[in-house]
Amino acid sequence: MKIGMVCYPTYGGSGVLATELGHQLAKRGHEVHFITYDMPMRLDRFQDNIYYHEVETPSYPLLESDLYPLALAGKIVDVAKYESLDVLHVHYAIPHAVSGYLARQVLAEKQSLPLVTTLHGTDITLVGLEPTFHPLIRFALDQSDVVTAVSGFLEERTRQNFGSELSIDVIPNFVDTEHYQRRENPDLQRHLRPNGEAILLHVSNFRPVKRVQDCVRVLAEVRKKLDARLVLVGDGPDRSETERLCRELGVSDHVVFLGKQSALPEILSIADVFLLPSQQESFGLSALEAMSCSVPVVGTNIGGIGEVVEHGESGYLAELGDVERMARYALELLVHPKKLDHFRVQARRRAVEAFDISLIVPQYEAVYVKAASRCVSKPSHCT
Ligand code: GMT
């Protein structure tokens, strides 16, 4: 099929998932056209069957507002016509589902464009609750031929917030378990674990919902009992505040800020425990990538995290903000090497058995076929 893929190109789970999906679909012979305002972060390698169409938003001195949603709709129209797209798959409802709908209406006279919308999290649980956006999202979900959500939690929350009659397919996020597996890198080991310390690791976009500061608090607790370092990967609005807290708690020398990184399997592989103390998380893709590299997770029992991490098997989950308990859980693994080994094996097993690409990507292919058939059976709606 020829698939138009719309996503945010930034350091966030929905863009990562869309890009990894694009890579896998391209490998399986589909032609994938990314349509967004910048090169998606993980699209940095050449691959057959993958194309990138940059959306340029015109500016004019009179107009101070951001015209991106309209520019995106216009670009989708262009790409759909020129490349004869079979389906449009948008990731993150705002504004992508609305722009996708608009593009489809513009094309209606000449071409059908089945629309698949994948919900990722804050598009439903946070931004989508803005009173101005709510009716638009409700409408765009209604108009999509298929709506998918990345966890059972998000499906339920979407129905609660936008209507119990909405039809939503749950397709969990996935990981390439061949690529994401433990890799030895002695140089990195020497650099990040110079004295053989225990390593706690966190990866995120440092937004307030991630509660990165809780990682620092957990480290400070853990260090009361054993020598440990915290490695932080990513960047975002909470970075300076996190640096300030490191100074306040006197742990600056034991925290490494690596910034945005692409060699994630190598970095994840040096970790003993992955921390995910989020306030909201519809799935927790970063935790799944860690598990695939045999790293157990200590996090919060909120949102969809419990659908990924099995408490007491592949990790431990605590109440939001309970840093003492999270530290106790981390120590439980760090001071019992046999237990840590067992959790490592279970984390990898969970990733391979429940979330490998080979299990999940065919579900998206089936959704594209379903969307296309719905479009044919409702021609006034999509053609
Ligand atoms: O908030 C983020 O972490 C970014 C956000 C996104 O949409 O880019 O992530 C959401 O989508 C990810 C991929 O499906 C999920 O793994 C994250 O759990 C989800 N984040 C939240 O729900 C806060």
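First, the ground rules. The model is predicted: local features need pLDDT of at least 70, side-chain atom pairs count only at pLDDT 80 or more, and totals for chains, interfaces and linings use all residues. Residues are numbered from 1 along each chain as its sequence is written, and side-chain values use heavy atoms, with hydrogens and water left out.

I'll start with the seven-stranded sheet. This open sheet has the order S3-S2-S1-S4-S5-S6-S7, and the pairing is parallel. Strands here are DSSP runs of E with at least two residues, helices are runs of H or I with at least four, and both are numbered from the N terminus. Two strands pair if DSSP finds at least two bridges between them. Strand S3 (50-54) and strand S7 (169-170) are at the edges with a single partner strand each, so one side of each has no neighbour in the sheet. Inside the sheet, strand S5 (residues 115-119) pairs with strand S6 (residues 146-149) in the parallel sense over four bridges. In that pair, Leu119 is opposite Ala149 in S6.

The peptide bond between Ile94 and Pro95 is cis, with omega about -10 degrees. Tyr92 belongs to the loop between S4 and H3 as well. Its phi is near 80 degrees, a positive value in a residue other than glycine.

Now the other sheet. Six strands make an open sheet in the order S10-S9-S8-S11-S12-S13, with parallel pairing. Its edge strands are S10 (255-259) and S13 (315-318), each pairing on one side only. On average, and with direction ignored, neighbouring strands of this sheet are turned by 20 degrees against each other. Angles are taken between axes fitted to C-alpha atoms, for helices over the stretch in contact, and run from 0 to 180 degrees between N-to-C directions. Strand S8 (residues 198-203) and strand S9 (residues 228-233) pair in the parallel sense over six bridges, and Ile199 is opposite Arg229 in S9.

Helix H9 (residues 239-248) lies across S9 and S10, at about 165 degrees to S10. Helix H11 (residues 285-292) lies across S8, strand S11 (273-276) and strand S12 (297-300), at about 175 degrees to S11.

What surrounds the ligand? There are 18 residues around the ligand, and His120, Asn173, Arg207, Lys210 and Glu281 come nearest; a residue counts if one of its heavy atoms lies within 4 Å. For polar contacts the limit is 3.5 Å between N or O atoms. A polar side-chain atom of His120 is 2.6 Å from a ligand oxygen atom. From Ser282, a backbone N or O atom lies 2.9 Å from an oxygen atom of the ligand.

Last, aromatic pairs: rings of Phe, Tyr and Trp (its six-membered ring) with centres within 6.5 Å, stacked under 30 degrees between planes, edge-to-face over 60, and tilted for the rest. The count is six. Phe283 and Phe355 form an edge-to-face pair, 5.6 Å centre to centre with 90 degrees between the planes. Phe283 is in the loop between S11 and H11 and Phe355 in helix H14 (residues 337-355), so the pair ties together parts 72 residues apart in sequence.

How values were computed: Contact means heavy atoms within 4.5 Å. A polar contact is a pair of N or O atoms within 3.5 Å; within protein, one must be able to donate a hydrogen and the other to accept it, and residues adjacent in sequence count only if both atoms are side-chain atoms.
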